[in-house]
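Biologist: Could you zoom in on one part of this model for me and walk me through what surrounds it? I'd like it as one connected story.

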Amino acid sequence: MRLDKYLKVSRLIKRRPLAKDICEAGGVEVNGRLAKPSTPVKPGDVLTLRLGERLIRVEILATPDNPKASQAKEIYRLLPSIQPSQEDE
């Protein structure tokens, strides 16, 4: 599944065009590498999203095409995130 579509179906980002824009601006990493909107993702991949001051890390558990809103939080697992200020120390 494409990264931009995954971000939308997981409800991590509300709209696919917004997910595309964030990816193109360098705000998303897949397994530690900057990712384009078309980057393929699969279960086991770790996503790091930079949304303003927030840093969100998730592990992909599943890549269903159209999960229901109630199932969206079941397709990823939140991971502890390292804040940018902690990386400098």
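Modeller: Let's start at the turn: E3 and E4 form a hairpin with two residues between them, and glycine 52 in that turn has a positive phi of about 65°. Strands here are DSSP runs of E, at least two residues, numbered from the N terminus. Bear in mind that this is a predicted model, where local features need pLDDT of at least 70 and side-chain atom pairs 80 or more, while totals for chains, interfaces and linings use all residues. Numbering starts from 1 along each chain as its sequence is written, and side-chain values use heavy atoms, without hydrogens or water.

E3 and E4 run antiparallel, joined by six bridges (strands pair if DSSP finds at least two bridges between them). Arginine 50, for instance, sits opposite leucine 55 in E4. E4 also pairs with E5 (residues 76–79), again antiparallel, through four bridges; there, valine 58 has leucine 78 as its bridge partner. E4 (residues 54–60) is mostly covered, with five of its seven residues buried, meaning under 20% relative accessible area (1.4 Å probe, protein chains only).

Aspartate 45 lies in the loop between E2 (33–34) and E3 (46–51), and it counts as buried because its relative accessibility is 4%. Beyond four places in sequence, aspartate 45 is in contact with Val58, Glu59 and Ile60, as well as Val30, Asn31 and Pro40 (contact: heavy atoms within 4.5 Å). With asparagine 31, aspartate 45 makes a side-chain to side-chain polar contact at 3.0 Å; that term needs an N or O pair within 3.5 Å, one able to donate a hydrogen and the other to accept it.

How values were computed:
Buried < 20%, exposed > 50% of the residue type's maximum accessible area, 1.4 Å probe, protein only.
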